[in-house]
Amino acid sequence: MTGIEDDPPGPMARAVKWLLLLMYRMRGWKAVGNVPEPRRFILIAAPHTSNWDFVNFLGLTADLKVRAHFMGKLSLFRWPIGGFMKQMGGIPVDRRNASNVVQQMVDEFARRAEFMLTVAPEGTRGKAKKWRTGFYQIAIAAKVPMVVGFMDYGRKTGGLGPLIWPTGDFRADMMKVLEIYKSC
């Protein structure tokens, strides 16, 4: 682990982020709770059902002073928006081989002293019948915990749950995740 930090955001990324944070604050959202330590975990972002999720997520992570990252397909990281995507926390992945994506993220965790990787397990903004398991596979392989990220649209609050260390028993671990979501 080298403690590699990201490049600071450029002027375009700062301007876009400022506008998105302004929208978040004007809509009355606020963060609740604390960020679990260590700041090396998979952040489960579910349910991911609204286009506002990104704006609210960005605001909540700013309020919590979290530098969260997300995966994006390789083509999003080419000119003209590639630099912007990286500055916003994007990590390019080559999705041609699913196990390769897991290894790419394990490598990212190995390179960094602090790394919070956001994953929407539904794999879509629509309702999904079941979650994909890549986030869990990354947590197991990288030997990092998972954290439930939540947004309460009724109360306009959001935050992070406690650390959940994966045991290798996916069903049992997902029961813990669902219990946290039920209590939010």
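Q: Hi! Which residues in H1 meet H2?
A: On the H1 side they are Lys17, Leu20, Leu21, Met23, Tyr24 and Arg25. Their partners in H2 include Trp52, Phe54, Val55 and Leu58. A contact here means heavy atoms within 4.5 Å. Helices (H or I, at least four residues) and strands (E, at least two) are DSSP runs, numbered from the N terminus.

Q: Before we go on, what sort of model is this?
A: It is a predicted model, where local features need pLDDT of at least 70, side-chain atom pairs count only at pLDDT 80 or more, and totals for chains, interfaces and linings use all residues. Residues are numbered from 1 along each chain as its sequence is written, and side-chain values use heavy atoms, with hydrogens and water left out.

Q: Thanks! Back to H1 and H2: at what angle do they pack?
A: At about 95°, with their axes 9 Å apart. Axes are lines fitted to C-alpha atoms, for helices over the stretch in contact, and angles run from 0 to 180 degrees between N-to-C directions. H1 and H2 are therefore roughly perpendicular to each other, a label that covers 65 to 115 degrees, while under 35 counts as roughly parallel, over 145 as roughly antiparallel and the rest as oblique.

Q: What sits over the ring of Trp52?
A: The charged end of Arg27 does, 3.8 Å from the ring centre. To count, NZ of Lys or CZ of Arg must be within 6 Å of the ring centre and within 35 degrees of the ring normal.

Q: New topic: how many aromatic pairs are there in the whole structure?
A: The search finds five. One of them joins Trp29 and Tyr153, with ring centres 5.1 Å apart and planes at 80°, so this pair is edge-to-face. Rings of Phe, Tyr and Trp (its six-membered ring) pair if their centres lie within 6.5 Å; planes under 30 degrees apart count as stacked, over 60 as edge-to-face and the rest as tilted.

Q: And where do Trp29 and Tyr153 lie?
A: Trp29 is in the loop between H1 (11-26) and S1 (30-32), and Tyr153 is in the loop between S6 (146-152) and S7 (157-164), so the pair ties together parts that are 124 residues apart in sequence.

Q: Is Trp29 buried or exposed?
A: Trp29 counts as buried, at 5% relative accessibility, whereas Tyr153 is partly exposed at 36%. Buried means under 20% relative accessible area, exposed over 50%, and partly exposed in between (1.4 Å probe, protein chains only).

Q: Which residues form one aromatic cluster?
A: Trp131, Phe135 and Tyr181 do.

Q: Now Thr118: which strand is that in?
A: Thr118 lies in strand S5 and is buried, at 11% relative accessibility. Leaving aside neighbours within four places in sequence, Thr118 is in contact with Leu43, Ala45, Phe57, Ala68, His69, Phe70 and Met71.

Q: What about the peptide bond from Glu37 to Pro38?
A: That bond is cis, with omega near 0°, and Pro38 lies in the loop between S1 and S2 (40-45). The bond from Trp79 to Pro80 is cis too, with omega near 15°.

Q: And what is phi of Lys65 near?
A: Near 60°, a positive value in a residue other than glycine. Lys65 is in the loop between H2 and S3 and counts as exposed, at 66% relative accessibility.

Q: Last one: how many helices and strands does the chain have?
A: Six helices and seven strands. Of its 184 residues, 43% count as buried.
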